[in-house]
Amino acid sequence: MTTRPGIGELGRDTASGRIGVVMGEIDGRVQIRPMRGGIEWDAMPDKVVPLSAREELSARLAVKNNNSRVGL
């Protein structure tokens, strides 16, 4: 059984394929915020899984690369 990521950790919503930071849970749904910031979306708890080490590194590197391109 896979454990759901905790608050502040990265997770993937397998229903949408999106990756973001787990912000909490409200009304039985997990709230996830995009890594680059923005509006949270709701995901079903059984559809939120932790990232592998390789997936997390890739996601964090993509954000860093984007920030470099836009001068952040």
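## Charged pairs in a predicted model

Student: Which side chain does the side chain of R12 make a polar contact with?

Tutor: A polar contact here is a pair of N or O atoms within 3.5 Å; within protein, one must be able to donate a hydrogen and the other to accept it, and residues adjacent in sequence count only if both atoms are side-chain atoms. R12 sits in strand β1 (residues 10-13), strands being DSSP runs of E, at least two residues, and helices runs of H or I, at least four, numbered from the N terminus. At 2.2 Å, the partner is the side chain of E55.

Tutor: This is a predicted model, where local features need pLDDT of at least 70, side-chain atom pairs count only at pLDDT 80 or more, and totals for chains, interfaces and linings use all residues. Residues are numbered from 1 along each chain as its sequence is written, and side-chain values use heavy atoms, leaving out hydrogens and water.

Student: How many residues apart in sequence are the parts that E25 and R4 tie together?

Tutor: These two form a salt bridge, with the closest N and O atoms 2.7 Å apart; that term means a side-chain nitrogen of Lys or Arg within 4 Å of a carboxyl oxygen of Asp or Glu. E25 lies in strand β2 (residues 18-26) and R4 in the segment before β1, so the parts are apart by 21 residues.

Student: Okay, what separates E56 and R60 in helix α1?

Tutor: Their side chains meet in a salt bridge, 3.0 Å from N to O. Both belong to helix α1 (residues 53-69) and are 4 residues apart, so the separation is about one helical turn.
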